Each structure stands twice: as structure tokens, then as C-alpha cells.
Amino acid sequence: MAALDCVNQKDKALVAYGDLLGTSNGTTLTGLGRVTTETAEKATEKHGCQVKAGERLSGLSAARLGASGTAKPLARAQGSCAALRGTDAAAAGTPEVMEYPADPDAPQTNCYLVTKAKKPGYGLYAYYGAAAKDFLASEGDQLEKGYGPTHGDRDYAWAAATCPHSAQRSVFVLYHLHDRDTDTYPVPHYSASFARDALRAFADHEAKQRGCTGVRLAA
């Protein structure tokens with residue numbers, strides 16, 4: 001996904017998606033990334049959206065999240081999960097993390113709290129600008145009605161904040177994750193109090209990195 005903010009229209013952005021059919025490796029992902037971003041740049045001209053484009057993509061690596069060796073102790077978190085170091089995540093059954101490098105310009109940020117068995121038990125996600133708008137559109141009114149991504153699951157917490165460079169409020173979500181391989185929840189018992197504390201720490205940290213204000217957790 002490539003999200004380009006329109007500098008001449010604060011409340012608008014152009015989002016382009018690219019899907020890879022076939023083998024996923026560094027070479028094919030780099031090609032997909034170039035096509036997606038360059039197509040998005042050309043589309044901005046058609047729609048009157050002025051953007052500040054970055055440099056041409058020189059290389060992308062295949063995602064390793066979830067592969068052997070990608071989980072590490074919570075105390076060593078330095079990227080997208082850094083804010084969770086001071087929480088009770090270990091006591092909540094997730095003493096490790098799988099994280100991404102910190103990037104204050106990415107349209108989406110993901111952090112995974114992991115069990116001793118190396119299974120993601122909680123997922124924390126931050127959506128900004130056009131990505132936030134797209135996420136909310138995909139959820140419909142489920143968040144407001146108190147339902148999670150499976151439309152019957154209430155094991156989640158969410159918050160919102162006002163961020164610069166976009167009229168769209170940013171969205172922060174924590175989900176209790178289900179493991180499809182075993183058809184179980186790696187963290188058997190969802191803790192609502194821990195979820196709110198973890199989401200608050202994650203959202204506050206993200207907001208500080210981006211200059212966002214007014215973080216509010218949904219009731």
C-alpha cells in the first residue's frame with residue numbers, strides 16, 4: 001500500500017494497492033513496490049493532488065515477521081513495540097514481541113505481543129491519514145457498536161487522536177489474536193484492563209512520535 005497525502009488539499013490523499021501473484025521475494029516485491037508507487041504518483045496528477053514524493057524504491061525485503069528468530073524479549077523492544085516495555089505484558093502471557101522498525105512516516109504501524117511459544121497473542125495497530133479512513137471504511141460501524149473484526153468478537157480496544165497533515169483522525173486498535181494453525185487463542189483469557197493499558201501506552205507513544213494530540217480511548 002502506498003499512501004500519498006495531498007499537500008494542497010489537507011483532507012485528501014491518494015491510496016494505491018498492489019497485489020503480488022506468485023513467488024514473494026526481494027526482487028518481486030521491489031518490482032511491485034516500484035509499480036505501485038509510480039502508478040500512484042501518476043494518478044495524483046490526474047486528480048489534482050500535489051504530493052511530495054520521495055526517492056525511487058531501490059529495494060524491498062520479504063517480510064520475516066513470524067519466522068524463526070523474529071521474536072525477542074519485550075525488554076529489548078526498540079521499534080514499533082518500544083512503548084510496551086513498561087507494561088504488564090509478561091504477566092498477561094506475552095513476554096516477547098515481534099516488531100517493525102520505528103517509522104514516523106509510515107501510514108500504518110504494527111506491533112505484536114508474543115507468547116513463550118512464539119505465537120502472537122495481541123496485535124496493536126495504528127492507522128494514519130488515508131490508511132485510517134480506509135480501515136474505518138472496512139470496519140463499517142462495527143467499532144462504534146462494540147464489535148471486533150469478526151463482528152461478534154468484543155475482545156479488543158480502540159482509540160483515536162488528532163494528527164497533523166490530515167483532517168482524518170488517526171485510529172489505534174488492539175486485538176486479541178486467534179491462531180489459525182491451531183484454531184485457538186495463544187492467550188486463552190483476554191484481559192480488558194491489560195488491553196486498555198497496553199493500547200494507551202502504544203497510542204500515547206505513537207502520538208508523541210507524530211505530533212498527534214487528544215488521544216481518547218473508546219468507552
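User: Which residues of the largest nonpolar core touch the most other members?
Analyst: This is a predicted model, in which local features need pLDDT of at least 70 and side-chain atom pairs count only at pLDDT 80 or more, while totals for chains, interfaces and linings use all residues. Residues are numbered from 1 along each chain as its sequence is written, and side-chain values use heavy atoms, with hydrogens and water left out. A nonpolar core is a set of buried Ala, Val, Leu, Ile, Met, Phe, Trp, Tyr and Cys residues joined through side-chain atoms within 4.5 Å, where buried means under 20% relative accessible area, exposed over 50% and partly exposed in between (1.4 Å probe, protein chains only). Among the 31 members of the largest core, those with the most contacts to other members are Leu84, Leu113, Phe172, Leu174, Phe194, Leu199 and Phe202.

User: Which element gives the most residues to this core?
Analyst: Helices (H or I, at least four residues) and strands (E, at least two) are DSSP runs, numbered from the N terminus. Two or more core residues come from each of β5 (108-114), β6, β7 (156-162), β8, α4 (192-210) and β9 (213-217). With seven residues, the greatest contribution is that of α4.

User: How far apart are the end C-alpha atoms of α4, and why does this agree with its 19 residues?
Analyst: The expected span of a helix is 1.5 Å times one less than its number of residues. The 19 residues of α4 should therefore span 27 Å, and the separation of its end C-alpha atoms agrees, at 27 Å.

User: What covers the buried residues of α4?
Analyst: The buried set of this helix comprises Phe194, Ala195, Ala198, Leu199, Phe202, Ala203, Glu206, Ala207 and Arg210. The elements covering them include β5, β6, β7, β8 and β9.

User: Why do the buried residues of α1 lie on the same side of the helix?
Analyst: Helix α1 (residues 26-46) buries Leu29, Thr30, Gly33, Thr36, Ala40 and Thr44. The arc is that of the directions from the helix axis to the C-beta atoms. These residues share one side of α1 because they cover an arc of only 135°.

User: Which exposed residues does the face of α1 turned away from its buried side carry?
Analyst: The buried residues of α1 are covered by elements including β1 (2-5) and β2. Turned away from that buried side is a face with the exposed residues Thr27, Val35, Lys42, Glu45 and Lys46.

User: Is Thr36 buried or exposed?
Analyst: Thr36 belongs to helix α1 and touches Ala2, Ala16, Tyr17 and Gly18, not counting residues up to four places away in sequence. A polar atom of its side chain lies 2.8 Å from the backbone oxygen of Leu32. Because its relative accessibility is 11%, Thr36 counts as buried.

User: Which residue in β2 stands opposite Ala3?
Analyst: Two strands pair if DSSP finds at least two bridges between them; β1 and β2 do so in the antiparallel sense over four bridges. In β2, the residue opposite Ala3 is Val15.

Terms used. Contact means heavy atoms within 4.5 Å. A polar contact is a pair of N or O atoms within 3.5 Å; within protein, one must be able to donate a hydrogen and the other to accept it, and residues adjacent in sequence count only if both atoms are side-chain atoms.
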